[in-house]
Amino acid sequence: MNKDQNLDTTKKQLASDLNSAKQSTDVEKLREQYLGKSSPIQKALQNLKELPAEERKAAGGKLNQLKQELETQINDKLTALREAEYNSRLAGESLDLDLPPLAASQGYLHPVTQELERIVDIFQRMGFSVQEPFMVDDEYNTFTALNIPEGHPARDMWDTIYLEDDNLLITHTSSMQNRVMSSKQPPIRTIVPGKCFRNEATDATHEHSFYQLEGIYVDKNIKLSDLIGTLSEFLNQYFETKVPIKIQPTFFPFVEPALEIMMPRPKLGGKLDLENFNPETTDWLEVIPCGPIHPNVLKEAGIDATKYSGFAWGMGLERLIMIKRQINDLRYFHSGRIDFLNQF
Ligand code: FA5
């Protein structure tokens, strides 16, 4: 048998072997057998150097051509079998678009969102409705309507990020006070949870972006005791225990008097320990700035300040959540760190 016949039988043999291959793994085995390191064709290629120089080129050319043809045969069969295997796998997997996703594939809500839902739920059960703020707003709603006229030094209390068109990124959710009060008739009970932005250096208790939750309550005969009752009951419910509070004066142009509700300060990242609570030795932490709404702010929103009164507050959500969940650095919340997020 001459060499050409030999080559021809190799092709025929491979064709017949491929014909009987049922799975792609069978074809892989045939590839090893026909083209692998110890295959006859590889051996023949290695032995080329033994041939006289004048025969070597022609013999090498034929062997390489055969090798290519075998490869093509093998690849074609492999592609056909893989496609058939893929189609049969697909046929076995039915896709029901109405099925709810598996819990594990839904991921988790961000800890701020989880806590925000709890906080909103507490206020909704007290009768408050929810309205979201605009993240970009104007100076009128953020300052002027809140009894802070242009040029008033109180505007410097907030490190505002201004945009090129003179609008700004809201520095506080109080930016919604005027809209809420001018679009509704008393009694008004609305909370405004939303993201705020300030151009300030970050540290364990300061971020450039953070959440606040504003509350606005307007009705006839609203007194300071309503404010204290509502907000201390919120703290009791959120911390699931009776939270001792203290109130101290502060300054905000849109409430009069401006107040800060304080609660016992746990160590940064430590547990809120009320069992050993001693008002004399406790270190207090301001958690809810608030106060009766200034008559100028009511008037600006078209509410008759001789008939109605109200109170407002604006609390920082991350700072409250830090106490509740014993977190020692506010920057973790928006760091995207999976090891932190996995704890919630
Ligand atoms: C205000 O922004 C007022 N609008 C709150 C208010 C509303 C008072 C209604 C009276 C009536 P203040 O700048 O203190 O106040 O911010 C309120 C809360 O937001 C703070 O107590 C704090 O918890 C949170 N906060 C402020 N700045 C940051 C910051 N950089 N990072 C994280 N939280 C912050």
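Reply: Gladly! Let's begin with a loop: Pro187 is found between helix 7 (177-183) and strand 5 (188-197). Helices (H or I, at least four residues) and strands (E, at least two) are DSSP runs, numbered from the N terminus. This is a predicted model, where local features need pLDDT of at least 70 and side-chain atom pairs count only at pLDDT 80 or more, while totals for chains, interfaces and linings use all residues. Residues are numbered from 1 along each chain as its sequence is written, and side-chain values use heavy atoms, with hydrogens and water left out.

Me: What kind of peptide bond joins Pro186 and Pro187?

Reply: That bond is cis, with omega about 0°. Another cis peptide bond joins Glu256 and Pro257, with omega about -5°. Pro257 sits in the loop between strand 7 (246-250) and strand 8 (258-264).

Me: Is phi of Asn147 positive or negative?

Reply: Positive: phi of Asn147 is near 65°, and this residue is not glycine. Look for Asn147 in the loop between helix 6 (139-142) and strand 3 (161-162).

Me: Which residues are closest to the ligand?

Reply: A residue is near a molecule if one of its heavy atoms lies within 4 Å of it. Here 23 residues surround the ligand, and the closest are His172, Ser174, Arg198, Glu200 and Glu207. The shell divides into 10 nonpolar, 8 polar and 5 charged residues. In this count Ala, Val, Leu, Ile, Met, Phe, Trp, Tyr, Cys and Pro are nonpolar, Asp, Glu, Lys and Arg are charged, and the others, Gly among them, are polar.

Me: How much of the ligand does the protein bury?

Reply: Accessible areas come from the Shrake-Rupley method with a 1.4 Å probe. Taken alone the ligand exposes 680 Å², and the protein buries 92% of that.

Me: Which elements give two or more residues to the shell around the ligand?

Reply: They are strand 6 (209-219), strand 9 (284-292) and strand 10 (309-316). Strand 10 gives the largest share, 4 residues.

Me: And what domains does the assignment give?

Reply: Domain bounds come from an automatic or database domain assignment. For this protein the assignment gives domain 1 (4-91) and domain 2 (111-341), with C-alpha centres 75 Å apart.
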